[in-house]
Amino acid sequence: MTAAKIYIVEEHPSVRLALVDTLSHAGEIEVIGHTGDANSVLTDVECLMPDVVLVEVKRSDGMGLELIRQICSLTRRPRIVVLTSYESDWEIEAAKRAGADGYILKEIDADDLARQIQSMAAA
C-alpha cells in the first residue's frame with residue numbers, strides 16, 4: 001500500500017503543526033504540504049497533487065467553503081475532507097454541496113483520523 005499524500009489547510013499554526021506532526025508519524029500517510037493562507041491553497045494543491053486535502057471551513061476570512069469549491073474545479077481533483085472543531089448540520093450540508101467528500105471532527109483519535117484519510121485516499 002502506498003502512502004496517502006495529504007495537504008492540510010488550517011489557519012491556526014499550532015493546530016496545523018500538530019496535525020502535520022501527528023499525521024507524519026501515522027504511517028501510510030505523507031504530509032506533502034500545509035498552509036494557513038487561503039491564497040496559496042489552489043496553486044499548492046494543483047502543483048503537489050495530493051490524494052486528500054484536509055480543509056478547515058470555519059476560517060476567520062470566511063473562505064472555507066470557497067476553497068472547497070475551488071479545489072473541486074481542478075482537473076485532477078483530490079478527495080476533500082472537512083476538519084472542524086464542532087459539527088453543524090448546516091455546515092455539513094454546505095460542505096457537501098461545495099464538494100467535500102468527508103467531514104471529521106478535530107477531536108478524533110489520531111489513529112482513527114489516519115484510517116479515515118487512508119480510506120479516502122483509496123476511494
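Trainee: In which helix does S40 lie?
Mentor: Helices here are DSSP runs of H or I with at least four residues, strands are runs of E with at least two, and both are numbered from the N terminus. In this predicted model, S40 lies in helix α2.

Trainee: What pLDDT do local features need in this predicted model?
Mentor: Residues are numbered from 1 along each chain as its sequence is written, and side-chain values use heavy atoms, with hydrogens and water left out. The model is predicted: totals for chains, interfaces and linings use all residues, side-chain atom pairs count only at pLDDT 80 or more, and local features need pLDDT of at least 70.

Trainee: With which side chain does the side chain of S40 make a polar contact?
Mentor: A polar contact is a pair of N or O atoms within 3.5 Å; within protein, one must be able to donate a hydrogen and the other to accept it, and residues adjacent in sequence count only if both atoms are side-chain atoms. A polar atom of the S40 side chain lies 3.1 Å from the backbone oxygen of D37. Contact in general means heavy atoms within 4.5 Å, and beyond its neighbours within four places in sequence S40 is in contact with Y7 and T35. At 3.2 Å, the side-chain partner in the polar contact is T35.

Trainee: Are α2 and α3 roughly parallel or roughly perpendicular?
Mentor: Axes are lines fitted to C-alpha atoms, for helices over the stretch in contact, and angles run from 0 to 180 degrees between N-to-C directions. Under 35 degrees counts as roughly parallel, over 145 as roughly antiparallel, 65 to 115 as roughly perpendicular, and the rest as oblique. The axes of α2 (residues 38-48) and α3 (residues 64-72) come within 10 Å and cross at roughly 20°. That angle makes the two helices roughly parallel.

Trainee: How many charged residues are in the contact of α2 with α3?
Mentor: From α2 come A38, V41, L42 and V45, which meet L67, Q70 and I71 of α3. Ala, Val, Leu, Ile, Met, Phe, Trp, Tyr, Cys and Pro count as nonpolar, Asp, Glu, Lys and Arg as charged, and the others, Gly among them, as polar. By class there are six nonpolar residues and one polar, and the number charged is none.

Trainee: At what angle do the axes of α3 and α4 cross?
Mentor: The helices α3 and α4 (residues 89-98) are roughly parallel to each other. Their axes come within 8 Å and cross at roughly 25°.

Trainee: Which residues of α4 make the contact with α3?
Mentor: The contact has seven nonpolar, no polar and one charged residues. On the α3 side stand L65, I68, R69 and C72, and on the α4 side W90, A94, A95 and A98.

Trainee: How are α1 and α5 oriented to each other?
Mentor: The axes of α1 (residues 13-24) and α5 (residues 110-122) come within 10 Å and cross at roughly 75°. L19, T22 and L23 of α1 touch A110, L113, A114 and I117 of α5. The orientation is therefore roughly perpendicular.

Trainee: Which strands stand at the edges of the sheet?
Mentor: Two strands pair if DSSP finds at least two bridges between them. The open sheet has five strands in the order β2-β1-β3-β4-β5, with parallel pairing. Having a single partner strand each, so that one side is left without a neighbour in the sheet, the edge strands are β2 (29-35) and β5 (102-105).

Trainee: Which residue in β3 stands opposite I8?
Mentor: Four bridges join β1 (residues 4-9) to β3 (residues 52-55), and the two run parallel. Opposite I8 stands L54.
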